[in-house]
Amino acid sequence: MMMTNKYTTQEEKYEYISKQHGGYYRHHFTDHAYLYNLYFPPKPLFSHLKANINNLVLNYPMAQNALAELVGKIINQPPERIVVGNGGAEIIKILSGSLAKKLIIPVPSFNEYANAAPEGRVVEFPLDFPSFQLDVDKFADEAIKVGADMAVVVTPNNPTSLLVPKADLIRLSEKLKPSKCMLIIDESFLDFADDNEQISLEKEITKYPNMAILKSMSKAYGICGLRIGYLLTNNANLAASVRNGVHIWNINGFAEEFLRILPKYRQEFKNSCEVVKADRDVFYKKLCTIEGMKVFKPDANYIYCRLPVEALSGPEVTKRLFIKYNIYIKHNAGKTQPDADRYIRIASRTNEENAILIDALKDVMYLIK
């Protein structure tokens, strides 16, 4: 049901929605802002959860060790290397908020790493502009110079949707090792990249004692409401410290059951990611036809764009798109980067919805039509 007591006009609705962090489905608009897989989970998985709802609601869920075993079966890793979080955000809060004395992160990036940290403990390292590529050698040098004990790299990056090459990440880890700087690699969107199993460092985690991989399962598995994420590391001290930061029942029964039955749906999951990638690739080609728009070739399920010079600002385009067409995207005005208000990030949805968005975007981008 629409929460009519919160707003009476579409403009008021936009102002309300733009301050929220979820619950979008309650407000009936097309969400090209949040980044998740529209084609997973499959219906039989939902049917299973419905059939077991009594037990899932009435009983305590399992605690950390058993949850780590469930995730371990999914990613083929021993449970002692795994910490399961209430979404990736819970683990980020522990890493940034409690463990890191000084954290360095390339920007623009996912804001939560910086937001979760106490004041004065974050160093922002600007990505090369205007390519938004990460120079890992300069990044390592800066991390060592400022005395960072934790470095974070999101790959593919959010909002740019650009991958950091695996060889670069390995070199970064080696360069940081002598200064005892832990490298956190956020692979939350890697399932949407080509050859993702070869690009991921999960299988090689034992080679790099100063590396940890963080993954929010919400995005790739389309389960934002279940709140599941995990940290994978061969560093026993880091694993123990993060484990100490989560409370005894941090994952609810529905999330636990999802992890338990997920291995049955491996092929359906892989197929769903292929459909997401196919839709995204069509979307990318269509966005590239907009005159004057710079469109970055995406490695994830969202696309980063610089608006044409003559177009309105990102915040204005975002607002107009919502008010006129009830479509919500993300502008970049809150990110740390040059010309931030000229950039927008658009989540790929179905081909039909993506086509509607492009027509709407063309209509609202300019002051005079």
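Both faces of strand E6 are covered, with Met 182, Ile 184 and Asp 186 on one side and Leu 183 and Ile 185 on the other, all of them buried, where buried means under 20% relative accessible area, exposed means over 50% and partly exposed lies in between, as found with a 1.4 Å probe on protein chains only. Because five of the five residues of E6 are buried, the strand is largely enclosed by the rest of the structure. The names used here follow DSSP runs numbered from the N terminus, helices (H or I) having at least four residues and strands (E) at least two.

This is a predicted model, in which local features need pLDDT of at least 70 and side-chain atom pairs count only at pLDDT 80 or more, while totals for chains, interfaces and linings use all residues. Residues are numbered from 1 along each chain as its sequence is written, and side-chain values use heavy atoms, with hydrogens and water left out.

Strand E5 (residues 150-154) runs parallel to E6 and is joined to it by five bridges; two strands pair if DSSP finds at least two bridges between them. One of the pairings links Val 153 to its bridge partner in E6, Ile 185.

Leaving aside neighbours within four places in sequence, Asp 191 is in contact (heavy atoms within 4.5 Å) with Asn 196, Lys 215, Ala 220, Phe 269, Cys 273 and Lys 277. Under the same exclusion of neighbours, Tyr 34 is in contact with His 21, Gly 22, Tyr 24 and Ala 347. The side chain of Tyr 34 reaches the backbone oxygen of His 21 at 2.7 Å. The C-alpha atoms of Tyr 34 and Ile 329 are separated by 8.2 Å, although these residues stand 295 residues apart along the chain.

Two packed helices are described by the angle between their axes and the distance between the axes. The axes of H14 (residues 314-325) and H15 (residues 351-364) come within 9 Å and cross at roughly 115°, each axis being a line fitted to C-alpha atoms over the stretch in contact, with angles running from 0 to 180 degrees between N-to-C directions. The contact is made by Val 317, Arg 320, Leu 321, Lys 324 and Tyr 325 of H14, together with Leu 357, Ala 360, Leu 361, Asp 363 and Val 364 of H15.

Technical notes: A polar contact is a pair of N or O atoms within 3.5 Å; within protein, one must be able to donate a hydrogen and the other to accept it, and residues adjacent in sequence count only if both atoms are side-chain atoms.
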